[in-house]
Amino acid sequence: MNQEVTKWVDYIQPTKAGSVKIYQAEAKVPVALTSEEEEKVIAELKALLKAEDAVLVAHYYTDPRIQALAEETGGCVADSLEMARFGRDAKAQTLVVAGVRFMGETAKILSPEKRVLMADLDATCSLDLGCPEEEFSQFCDQYSDRTVVVYANTSAKVKARADWVVTSAIGLDIVRELDRAGEKIIWGPDKHLGHYIQEQTGADMILWQGSCIVHDEFKADSLALFRKEHPDAAVLAHPESPASVLAQADVIGSTSQLIKAAQASTSERFIVATDRGIFYKMQQAVPHKELLIAPTAGESATCKSCAMCPWMAMNSLAKLRDALKLGSNEIKVDEAIRVGAVKSLNRMLDFSEKMSVNVQASGDLLQDQRLFQHVGPA
């Protein structure tokens, strides 16, 4: 039996009155294995992946040991959209998804013929939790003349309710195109990302008031003080962060684009405003550069995340082994919901393929700001 520590996490959900209400959800984080136990589990997982015709698909924010195993076994370490694309195109008939539930659902939506397993079906996301389908649908019904655009961090049901699913990489371009066509938009669920896109495009957008517990904790005042302590450091920020944090960033971008920006930059030190799980791949890309996590609101027991998603932390090598060994924690998506959700997802994928934009960094962070600010998060 895997030992776990329960952490209760606050998240927000809009109310009909226009305010927000605070709810709580639990995250059961596994206790770390000993080095001997870990070696045994890794060996078992490698054998099971081969025997079950399975591939491990891991998000950037998962435990570095999980990311390393995905790399070693021919799997994938990426953001949520690339995870789904990889799963769709992989020859393996079983996808073992290390991430949170909406990522597993997205993989199943795009690969309905494949078996999709997860470490823990209760591993969720504050954006997903804070945007329940029934309430969001009622919100959308108030503005029936608007096009519904939702971020990838949503449930299959919310994706099915939407006209478009986007990451901010393509979201800016899609929203700009919709705006040019005279369409007004409902955006959900992340208010910070929505405000960022609205600011960049000038589109008429009504925003659902959700937020990511990790990025919402980065604070402008603390960041400003931290920058004074490290004046030579460039700031890399994820656009789910508050506007006051983004205003101090040298580069605004997705997980993968922040990694590329660190590679392209001549800076030797970076302050990174996103989940610290990204450090595994970022440090691989820039082994001789120093990475510093941006300060959050509170420390230790007084912060919600301390720049680490508690639900991502629910993924463990032992849980992944057990899921594959037992065939447990399989993602199921009702076919009627899947059909609706795949339409909104495919609109984004088709739009992306038609764009086929080739962008390259110059290596100058300030010069590349406009390039990377259009790239979206996982």
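Mentor: The model is a predicted one. The protein exposes about 16,200 Å², and carbon and sulfur atoms supply 49% of that area. Of its 378 residues, 57% count as buried. The fold comprises 16 helices and 14 strands. The radius of gyration is 20 Å, close to the 21 Å that the globule rule gives for 378 residues, so the protein is as compact as a globular protein of that length. The C-alpha trace spans about 55 × 55 × 40 Å along its principal axes. Among contacts with a separation of 6 or more, 66% are accounted for by residues 24 or more positions apart. As to charge, the protein carries 41 positive and 53 negative side chains, and the centres of these two sets lie 2 Å apart.

Tyr143 is found in the loop that runs between helix H6 (133-141) and strand S7 (147-151). Leaving aside residues up to four places away in sequence, Tyr143 touches Ile186 and Ile206. A further relation concerns Ile185, which is 42 residues from Tyr143 along the chain: the C-alpha atoms of Tyr143 and Ile185 are separated by 9.0 Å.

Conventions:
Residues numbered from 1 in each chain as written. Predicted model: local features only at pLDDT ≥ 70, side-chain atom pairs only at ≥ 80, totals over all residues. Heavy atoms only, no water. Helix = DSSP H or I, 4+ residues; strand = E, 2+ residues; numbered from the N terminus. Contact = heavy atoms within 4.5 Å. Rg over C-alpha atoms; globule rule 2.2 N^0.38 Å. Buried < 20%, exposed > 50% of the residue type's maximum accessible area, 1.4 Å probe, protein only. Areas by Shrake-Rupley, 256 points an atom, 1.4 Å probe, with all protein chains shown as cover. Lys, Arg positive; Asp, Glu negative; His and termini not counted. Charge placed at Lys NZ, Arg CZ, Asp CG, Glu CD.
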